[in-house]
Amino acid sequence: MQFHHHGYVSGDPRVQPAAGVGIDRPDELPDEVDVLVVGTGPAGMITAAQLSQFPDVVTRVVDRRPGRLAVGQADGIQPRSVETFQAFGFAGRIAEEAYRVTQVCFWHPDPADPSRIVRGERTLDDPTGISELPHLMVNQARVLDYFAEFMANAPTRMRPDYGWDFRDLTVDDHGDHPVTVHLVRTAGDDAGAEKAVRARYVVGADGAHSRVRESIGCTAVGQSALHAWGVMDVLAVTDFPDIRTKCAIQSGSGGSILLIPREGGHLFRMYVDLGEVLPENHATLRGTTIEAIIARANAILHPYSLDVRDVAWHSVYEVAHRLTDRFDDVPLDQVGIRTPRVFIEGDACHTHSAKAGQGMNVSMQDGFNLAWKLGYVLTGRSPESLLATYSRERQVIAQDLIDFDREWSALMAKKPDELADPAELTEFYVRTTEFLFGFMTQYPPSMLVAEPVHQDLAAGFPIGKRFKSAPVVRVADGSPLQLGHQHRADGRWRVYAFADRPAAGEQSTLSAWADWMATSPDSPVLAHTPEGDDRDSLLDVKVVYQQRSDALDLGAVPPLFLPRTGPFALVDYEKAFATDPADDIFERRGIDRGGCVVVVRPDQYVAGVFPLDGTHELAAFFRQHLLVRVREPVG
């Protein structure tokens, strides 16, 4: 963590100085805002949290609840989400209180006595080492708390406006604030009062029954899987030996349980199979009591028993797979003609079963994708056309999720005698780990994602996929670090220059590239960084050398990678890295020894790979989505 660059900090360095709209921020909800986010679930909160890093953008997030969520329904945190939490600065703290999934056990009917269950396969949760970060279980409410803390500590001093229910909205093509949102007060002495808020943009993160979605005429298409599950978070005493291990349990009776241990060492969640939903039993299943869910769980667990002492939360749900036809307010016949003003994300766009642990995770990536784009457009860094990429990118991902979940939930609902092999569920889980962990997302070429012309220069950083971290050593102090963990959710692009290693007497291609980036009018640094801002305020440019840190001289590092920052023009020494002698990033990620440039978006996805001498291509790529500014060359 870097601080002191604006002066000595004696308090919590996570609390950034108030700036822009965060100075004297009004408590009451204003009549006009730049962005109004509706809903304080995971999608809405990450959207607001990212926008809180744009000091000149007025963002407010409203929710009908009177205060913070106390008990959340989602609990699975996939490693991709933990990477995201790392960018927001709380991955380590939330991991300390979470349950970490390390293995999964699969239980089947005992062949000798199908009325009993026996342990079958036991597999590592991450059998191929996809991520250096853990797979966690923690209450959704705590995730929201951490995002709320991040927002409160941000320059804009943002906090949710609780007690406001969304009624409807209208969009007028004229004026600076063309969206008018009608809200109703749900809490406080003025409950029932109405208020109209005018916004430049509105984000609907208001759940599966989204009224924002309804207001813009979007349609959720899909169907129910006609299968019901009882879910409960409980404290219990049991002789089931794997109660603190994630388990998929199938009984001889055909019923199944997905067991998810929870944080705190005692709490666990069970998804209990209630059977097929038919017209004649629909009302009965929906009204299943907690006592009936517990009894069903005991029947499936035989010969083990479950003595429930306390129920933190329970519900009954039917699996349904639905996808909205578009994720913004632009009708399909007007795509490319006008830009969107209203967006929807999370459960407002896609619904599915909870058993694959994808809902909260995919929803947060919706918000991460959209928020920085709104920030760039509202601060004049990018054209409005950038906003159309949100629906194009995320709708495909949501469809992939629903296709996956349909297969996974169908497998979970099968009776043992319907499986080709008792290990079929195990094999599917292991085979799809990369998807389960959130790493299969790959955005296609667009104004934000370059064509994979030079992919061979960095084969381990697939264009369109998230930037996969690897160990490096910081040159300035010899500290071993994960390169990807230095990527903060501050709205900046990352540009990683992987250095060549010229033979004796040869000129370094990296040096020529660094000189071009620092002095050429075509350089993205000069062309796009706002006048008066720090050199790295828009593009965070770093270098990774092939040598070990003890073979490098910081004084020989080009000035581009030692930028001046803050009012005192202090040198930033944290942008030059060397290879880890025990784990060479060039080898691990297939980086060409002749060097290359890897560009990473603010939401951590690889946007392009370019040769060090491909400066024209690099400049042209950034000009597709960043507006040109005039700036003097830097020294």
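Biologist: Which aromatic cluster includes W372 and W493?

Modeller: This is a predicted model, in which local features need pLDDT of at least 70 and side-chain atom pairs count only at pLDDT 80 or more, while totals for chains, interfaces and linings use all residues. Residues are numbered from 1 along each chain as its sequence is written, and side-chain values use heavy atoms, without hydrogens and water. Rings of Phe, Tyr and Trp (its six-membered ring) pair if their centres lie within 6.5 Å; planes under 30 degrees apart are stacked, over 60 edge-to-face, and the rest tilted. The cluster consists of F54, W372, Y376, W493, F610, F621 and F622.

Biologist: Which charged residue sits over the ring of Y376?

Modeller: A charge sits over a ring if NZ of Lys or CZ of Arg is within 6 Å of the ring centre and within 35 degrees of the ring normal. At 5.0 Å from the centre of the Y376 ring lies the charged end of R381.

Biologist: How many aromatic pairs are found, and what is the angle between the planes of F88 and F150?

Modeller: A search of the whole structure gives 29 aromatic pairs. F88 and F150 form an edge-to-face pair, with 4.9 Å from centre to centre and an angle between the planes of 75 degrees.

Biologist: Why does the pair of F88 and F150 tie together parts of the chain, and how many residues apart are they?

Modeller: Helices (H or I, at least four residues) and strands (E, at least two) are DSSP runs, numbered from the N terminus. F88 lies in the loop between helix 2 and helix 3, whereas F150 lies in helix 4, so the parts tied together are separated in sequence by 62 residues.

Biologist: Is F88 buried or exposed?

Modeller: Buried means under 20% relative accessible area, exposed over 50%, and partly exposed in between (1.4 Å probe, protein chains only). The relative accessible area of F88 is 4%, so F88 is buried.

Biologist: Which residue forms a salt bridge with R262?

Modeller: A salt bridge is a side-chain nitrogen of Lys or Arg within 4 Å of a carboxyl oxygen of Asp or Glu. With the closest N and O atoms 2.9 Å apart, the partner of R262 is D233.
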